[in-house]
There are 2 protein chains.
Amino acid sequence: MIIIGERINGMFRDIAKAIREKDPKPVQEWARKQEEAGAGYLDINVGPAVSDRVSAMKWLVEVTQEASKIPLCLDSTDYDAIEAGLEVCKEPAMINSVPAIPDKMDRVFTMAAKFNAEVIGLAMGEEGIPKDAESRVALAMELVANCDAYGIPIDSLYIDPLALPCNVGQAHGPEVFETLRQIKLLSDPPPKTAIGLSNISQGTKEREIINRTFAAMCIACGLDAAVADACDEELVATIATARVLMNLDIFCDSYAEVYRTRNL
Amino acid sequence: MIIIGERINGMFRDIAKAIREKDPKPVQEWARKQEEAGAGYLDINVGPAVSDRVSAMKWLVEVTQEASKIPLCLDSTDYDAIEAGLEVCKEPAMINSVPAIPDKMDRVFTMAAKFNAEVIGLAMGEEGIPKDAESRVALAMELVANCDAYGIPIDSLYIDPLALPCNVGQAHGPEVFETLRQIKLLSDPPPKTAIGLSNISQGTKEREIINRTFAAMCIACGLDAAVADACDEELVATIATARVLMNLDIFCDSYAEVYRTRNL
């Protein structure tokens, strides 16, 4: 499983301030720190409070790229901002995200084809997040079909089954695991899967153990990527361990270190 | 998932000494400690070095029962020792274990029917542990069919898919996960599943993180019980977390504490 480092996000005060003051330093520090901790991608999100999201995204992408060479995951519901970011990306990026809603899929998959980008597709439609695995998988199939129709390789699509906080949406847990498994049966090659990991523990007291236990369980169900805290050392060690137990990385005594430094 | 506390085992020096000297104290201390830590069963194993396994098992069962009321899991390849233990058990116990080999199944399922005992059945036959999930599931089916033939309820049977140490048998990992899933499709009600958790990390440096990550992954695949270290607090917290994420226990902020104290 690949970690998409979640920290360059305007929801965090230091990043919001950096965007406001056009100060690249905090952004670049987090870029380096997450890369060294084991992130394979860096999520880039201007946050909710920015007035001009287009120029903020462009700036964030540019300053991040000065500090790190790992691929970026442009995270916004404002597709103009994502497009502005893609235009300045030096390497192919990931778009985070598109729901299974026709006009949004049209906009995002058209961009993805143009910029050779990967896409995170959300298992939700006009009516929000479904309760059961079957409905999530049906929406995933719509994403797969659209992705294919726009000429994008299916394994450039990451389906997010959408985890809800376990203190309010506990019944969704087993549905998310089942969705992850079934997505791998949708096509050959199958789409990849991604998840916003920290959602599962929103509002709980023991966030870290919930995050890392959920990560291990999702990996057992075939999860390929997660937007997560790359600087949570126990989480990264758990992911490295789960990869070894899935026989995805070769065991050696220092497998956790190998996982963390594979991009460097 | 239920923890079968692994500590009353003659492989540990203090227990071997206690058996030799007929000193109930170390045994009873471990019985209480494991029960308080969250064990649902206590594994009872006289160990390899005992000359008279029958009388050692009988003694271990008797002194353990003086200290704890949770059910026992009698663990031996010597079925005379298991039978002697069953005769003095005050409550129905679990037999650990029987492979899918006809004469051994006959002996063990006959005992289980007589003493109303649960049984751990190993997914291995005359030729040892199979490499793939399909062969493990075929052996599981033999165990299910035999269990049924002896009139034992199928959900009194726990199938162990047999995990090998990840540093030597790494390719078995995904096969174990797949076996756990498929076992749940064998019958209705399905058999339960159990695993010797600590096996996975034998000979590795980072045993605890491997054990608890493997536990979380197995629970995502439907694992019901594990012979494990109930006094590993991080492991117990991980199991409690995984149960909440599987929607098996209701979330509350103190869910880990609730899990640990549910027997008390």
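This is a predicted model: local features need pLDDT of at least 70, side-chain atom pairs count only at pLDDT 80 or more; totals for chains, interfaces and linings use all residues.

Trainee: Let's start with charge. Which residues gather in a patch of negative charge on the surface?

Mentor: Asp and Glu count as negative. Here the patch brings together A:D103, A:D106, A:E126 and A:E127.

Trainee: Where is A:E127 found, and is A:E127 buried or exposed?

Mentor: Look in the loop that runs between β5 (118-122) and α6 (133-149) of chain A. Exposed means over 50% relative accessible area. A:E127 has 82% relative accessibility, so it counts as exposed.

Trainee: Now a buried charge, please. What is the nearest side chain of opposite charge to B:D160?

Mentor: A salt bridge needs a side-chain nitrogen of Lys or Arg within 4 Å of a carboxyl oxygen of Asp or Glu. B:D160 is buried and has no salt bridge; the nearest side chain of opposite charge belongs to B:R136, 7.6 Å away. You will find B:D160 in strand β6 (residues 157-160) of chain B.

Trainee: Which backbone nitrogen does the side chain of B:D160 reach?

Mentor: That of B:L162, at 2.7 Å.

Trainee: On to the backbone. What should I expect there in general?

Mentor: Most peptide bonds are trans, and most residues other than glycine have a negative phi. That gives us two kinds of exception to look for.

Trainee: Which residues does a cis peptide bond with omega of about 0° join?

Mentor: B:D188 and B:P189. The proline, B:P189, sits in the loop between α7 (172-183) and β7 (192-196) of chain B. Another cis bond runs from B:N96 to B:S97, with omega near 20°. B:S97 is part of strand β4 (residues 94-99) in chain B.

Trainee: And phi? What is the value for A:K22?

Mentor: Near 50°, which is positive although the residue is not glycine. A:K22 lies in the loop between α1 (13-21) and α2 (24-37) of chain A. Its relative accessibility is 47%, so A:K22 counts as partly exposed.

Trainee: Where is the place of B:N247, and what is its phi?

Mentor: B:N247 belongs to the loop between α9 (233-245) and α10 (255-260) of chain B. Its phi is positive, about 65°, and B:N247 is not a glycine. With a relative accessible area of 35%, B:N247 is partly exposed.

Trainee: Thanks, I will look at each of these in the structure now!

Terms used: Residues are numbered from 1 along each chain as its sequence is written. Chains are lettered from A and ligands numbered from 1 in the order in which they are written. Side-chain values use heavy atoms; hydrogens and water are left out. Patches are made of residues with over 30% relative accessible area and no salt bridge: like charges are joined within 9 Å, nonpolar side chains (Val, Leu, Ile, Met, Phe, Trp, Tyr) within 5 Å. Accessible areas come from the Shrake-Rupley method with a 1.4 Å probe; for residues, only the protein chains shown count as cover. The place of a charge is taken as NZ of Lys, CZ of Arg, CG of Asp or CD of Glu. Helices (H or I, at least four residues) and strands (E, at least two) are DSSP runs, numbered from the N terminus. Buried means under 20% relative accessible area, exposed over 50%, partly exposed in between (1.4 Å probe, protein chains only). A polar contact is a pair of N or O atoms within 3.5 Å; within protein, one must be able to donate a hydrogen and the other to accept it, and residues adjacent in sequence count only if both atoms are side-chain atoms.
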